[in-house]
Amino acid sequence: MSAQQDRWVSSFSFLLFCASSIPTDGSARVLQELSPQRYFSALQAGRASLAYFSHNVSPGAQPFLEQIENSAEALQDYGISVVKVNCPKEDVSRYCGKENALRKAYLFRGNMLIREFPTDALFDVDSIVANVLFALLFNEVKYVETLADLQSIENALKGKANMVFAYVPATGTAEHRAVMEAAFVYGTVYQFVLTTEATLLKDSSDEPDVSSAWLVFCHCQRATDLARPCRRTAMEQALTMLNIHRHLKLMGAPLVTEVAEDPEKVSTVHLQLGLPLVFILSQKETSEADRRTAEFVAWQLLGKAGVALLSRDLVGLNVLRRTNIALKTPDEGVPIKYLLLEDTDEVITLVKDKNKVKQIQEDEEEEEDEDEKENNNQDIQDDEVVEAVSRDKKRELPLEQIRVLTEETFHSALLETARTVVLFYASWEAVSLAVLRSYTEVADHLKGTQGVLLSRVNCWDWPGICTEENVTQFPTIKIYKKGERSVMYNGMWGTKELTSFIMLSRVSSPLKLATIDEAEGYLRGEFPPELSSYHHTVLLGVFRTATSEAREAFEEAGNILSGHVTMGMYFEDDALALSRKYAVSPPALLLARGRGQSVESITLSKQSTQDMVQMIRYELLDIFPEITVQNLPHYLQLRKPFLILFCDGDIGQMESKEMLKLAKGRPQQAFVACWLNLKKTPVGRGILKAYFATMPSLPVLIWVNLHAGGQVFKFPSEQSIAEMNILPWLEKLKAGLEIPSSTLSEEDWKPPLPAYDFLQMMETAMPELPLRTSHHHGDTLEQHLPESPGGDTATRDEPSQETNTEKVVSPGRDLRGTAPRLAAREKQGKRHSEL
């Protein structure tokens with residue numbers, strides 16, 4: 001029979017005993033009266049009996065006999081018979097012949113005398129049962145007088161068995177009886193240790209009450225450190241046999257129960273004993289962190305509530321994914337409460353304070369009412385991103401295709417696929433959540449794409465990873481390639497832009513071409529079919545073998561611009577023939593803006609990587625671009641005046657032809673010629689209202705220098721938009737002969753308030769989580785790999801010492817990984833006007 005089965009059988013026997021030990025009226029007489037000869041002849045080997053020898057019952061012995069008779073039924077349940085031996089007057093044997101022998105009770109096992117008890121020590125049923133069992137269990141229940149004795153027993157048990165340590169103020173009491181009865185049932189499972197020394201109690205507890213009995217369960221079975229005492233769980237109830245039985249049942253239950261079924265159907269020993277059951281809602285990606293969180297909570301609630309780990313991936317819960325805790329009470333008909341808590345302290349308070357559940361639910365309802373009122377009053381929303389996220393916060397995002405990474409899984413995940421895309425974000429910050437929505441759309445577009453893993457790291461939960469990866473702003477997206485440096489995305493956060501960046505990063509940058517035919521095909525835009533819809537301007541670097549410095553700078557520039565532009569490189573012996581075809585000498589850059597367009601050729605005069613990156617970015621800009629919200633920052637970085645044509649829709653064919661001629665006619669000119677479609681980019685109307693008191697008729701050509709003076713000039717509306725009319729007008733502007741229509745304020749365009757210091761906020765919120773030392777930005781993947789993986793996935797059948805858990809977690813730790821921590825972000829992601 002296994003230890004677990006033996007425990008349940010013993011427990012069942014103990015319950016039978018509890019039922020049979022309740023006195024009932026009219027019960028059969030169990031006190032036997034025998035002669036000495038018959039008593040000794042009837043003794044059976046191994047069977048215990050308590051005997052009292054007497055000639056005649058004196059009046060002083062009558063109370064003792066009554067207590068002996070009353071205890072007979074209780075002792076009989078343990079297989080101990082109680083016998084009154086009537087001694088004949090002429091009997092002068094050892095037990096009948098001496099007067100002092102007649103004032104004692106004798107405990108036999110078979111025909112062997114175990115212990116003599118003075119009758120004044122057996123003053124009631126509790127003292128009789130306690131002393132008899134204590135004598136019979138002398139080898140099973142260790143009595144200690146000093147702390148050294150206790151530590152010696154504890155060290156001997158480490159790694160082998162658990163210990164029950166009890167203190168009673170005196171032997172023969174009801175508490176002493178309760179401990180002995182428990183030891184009789186559980187003595188084969190646990191080592192019982194007893195003391196009556198108050199000084200020993202003071203050494204084992206901070207503020208002991210020496211007048212009250214005390215019992216602790218010592219978790220020694222999985223303890224291995226001889227220098228540290230076993231972890232202890234005190235029994236908070238009074239020392240009765242039913243309370244001890246209940247406490248030992250709870251200590252023997254699994255520390256954390258892993259559940260893969262509907263919580264409504266789950267029943268554990270905690271619920272059976274009238275205690276609540278706390279479910280930690282987990283998911284596959286963070287299972288190890290969730291298990292450690294569950295174990296930490298379970299240790300804090302041991303004896304007060306059960307803890308179960310419920311996997312969202314295995315159970316189809318019809319609840320919001322933002323909840324991370326469920327509470328099931330033993331009361332019938334009470335539904336399970338699903339809640340969103342921020343840290344383990346709240347879970348512990350939830351169990352200890354029964355009113356906490358109602359308070360949390362009321363707070364959530366109040367927050368929802370406040371949010372609804374705020375959303376109905378758009379005038380007070382000064383942050384459109386926060387407003388949009390707040391409005392749609394109840395909408396569940398389809399995050400199944402995006403893998404969650406933690407401190408345990410981050411580095412190993414980077415080795416699983418050729419390219420791993422990682423979104424670093426803060427779960428409470430509005431822009432992060434807005435980008436997370438775009439990221440889910442990207443995951444849907446790239447579903448089934450080989451060699452690409454989309455993942456995410458919540459920096460609010462795992463600040464160590466974000467610090468190590470040099471993430472200084474949220475959100476941040478990086479692409480990791482095996483054995484290479486990561487590439488950071490710095491473009492727009494739209495789905496189209498993100499998808500294009502990820503797909504183009506799959507192509508080596510720069511791509512080394514082996515023949516002239518390959519180079520020509522590359523310039524024509526001959527790419528794999530899956531990249532055809534992500535076509536960008538194509539750049540081809542042509543180098544002689546001797547031009548190694550320029551080639552190295554070009555390769556480094558390709559690594560930096562990976563995902564943003566398609567770059568190829570040709571440096572074979574016939575590179576000179578290829579460059580002559582396009583009337584340029586190597587090192588040179590050939591640029592094809594699109595299929596069917598002519599190839600532009602540029603001589604590479606700059607050799608440094610930074611200069612080459614800057615030059616390539618400039619050459620990628622369109623000659624006559626349509627200004628949009630997405631590309632405006634690229635043209636503002638040039639710090640040049642804008643000659644911009646505002647159109648109410650698509651630009652006319654004649655205007656486009658004339659403006660393009662103007663732009664091409666001034667190579668490396670000192671202004672940006674562009675146009676803006678007000679229907680596609682409606683913010684342009686607000687710009688025109690800022691420039692003019694009244695809305696001008698469209699199309700309208702404007703000259704504005706945002707970086708010097710802020711003067712706005714309007715091209716005469718009576719003249720047609722043609723190169724021959726625009727050039728003289730520009731000459732007048734240069735000569736100062738034109739009067740500006742308006743002048744913009746010199747005030748800097750800055751945010752109304754300073755930006756959040758995210759890392760400082762995280763360190764303040766979670767001081768117990770040490771941030772790792774940052775690596776250099778150029779470190780390769782192999783340098784980041786840990787020496788050995790961590791985490792213990794084994795399921796525990798009983799509470800363990802869990803020294804590893806103690807090192808990893810600490811009181812008040814966040815419920816990281818169990819669900820998006822929307823409570824935290826709703827509380828901290830305030831509008832700018834509130835900060």
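This is a predicted model: local features need pLDDT of at least 70, side-chain atom pairs count only at pLDDT 80 or more; totals for chains, interfaces and linings use all residues.
Colleague: How many disulfides does the structure hold?

Modeller: The structure holds 3 disulfides. Counting bonded cysteines along the chain, the pattern is 1-2, 3-4, 5-6.

Colleague: What makes Cys87 and Cys96 a disulfide?

Modeller: Their sulfur atoms are 1.9 Å apart. The cut-off is within 2.5 Å. So Cys87 and Cys96 count as a disulfide. The link is left-handed, with -60 degrees about the S-S bond.

Colleague: Are Cys87 and Cys96 buried or exposed?

Modeller: Buried means under 20% relative accessible area. Cys87 has 7%, so Cys87 is buried. Cys96 has 2%, so Cys96 is buried too.

Colleague: How do you know that Cys220 and Cys230 form a disulfide?

Modeller: Set the value against the cut-off again. The sulfur atoms of Cys220 and Cys230 are 2.2 Å apart, and the limit is within 2.5 Å. The pair therefore qualifies.

Colleague: Why is the disulfide of Cys220 and Cys230 called right-handed?

Modeller: The torsion about its S-S bond is about 120 degrees, so the disulfide is right-handed. Both cysteines lie in the loop between strand E9 (214-219) and strand E10 (231-234), so the pair ties together parts that are 10 residues apart in sequence.

Colleague: What relative accessible area do Cys220 and Cys230 have?

Modeller: Cys220 has 0% and Cys230 has 4%. Buried is under 20%, so both cysteines are buried.

Colleague: What joins Cys459 to Cys466?

Modeller: A disulfide, with an S to S distance of 1.9 Å. This link is left-handed, at -90 degrees about the S-S bond. Cys459 is at 0% relative accessibility, and Cys466 has a relative accessible area of 0%. Both values are under 20%, so both residues count as buried.

Colleague: Why is Cys218 in no disulfide?

Modeller: The nearest cysteine sulfur is that of Cys220, and it is 5.3 Å away.

Colleague: What makes Cys647 buried?

Modeller: Cys647 is at 5% relative accessibility. That is under 20%, so Cys647 counts as buried.

Colleague: Which residues make the contact of H15 and H17?

Modeller: H15 brings Ser438, Glu441, Val442 and His445. H17 brings Thr495, Leu498, Thr499 and Ile502. By class, the contact has 3 nonpolar, 4 polar and 1 charged residues.

Colleague: How do you know that Leu662 is buried?

Modeller: Leu662 is at 1% relative accessibility. The limit for buried is under 20%, so Leu662 counts as buried. Leu662 lies in helix H23 (residues 653-664).

Colleague: What does Leu662 touch, leaving aside residues up to four places away in sequence?

Modeller: Leu662 touches Leu643, Gln669, Glu723, Ile726 and Leu727. Leu662 and Ala673 are 11 residues apart in sequence and 8.0 Å apart in space, C-alpha to C-alpha.

Notes:
Residues are numbered from 1 along each chain as its sequence is written. Side-chain values use heavy atoms; hydrogens and water are left out. Contact means heavy atoms within 4.5 Å. Helices (H or I, at least four residues) and strands (E, at least two) are DSSP runs, numbered from the N terminus. Ala, Val, Leu, Ile, Met, Phe, Trp, Tyr, Cys and Pro count as nonpolar, Asp, Glu, Lys and Arg as charged, and the others, Gly among them, as polar. Buried means under 20% relative accessible area, exposed over 50%, partly exposed in between (1.4 Å probe, protein chains only).
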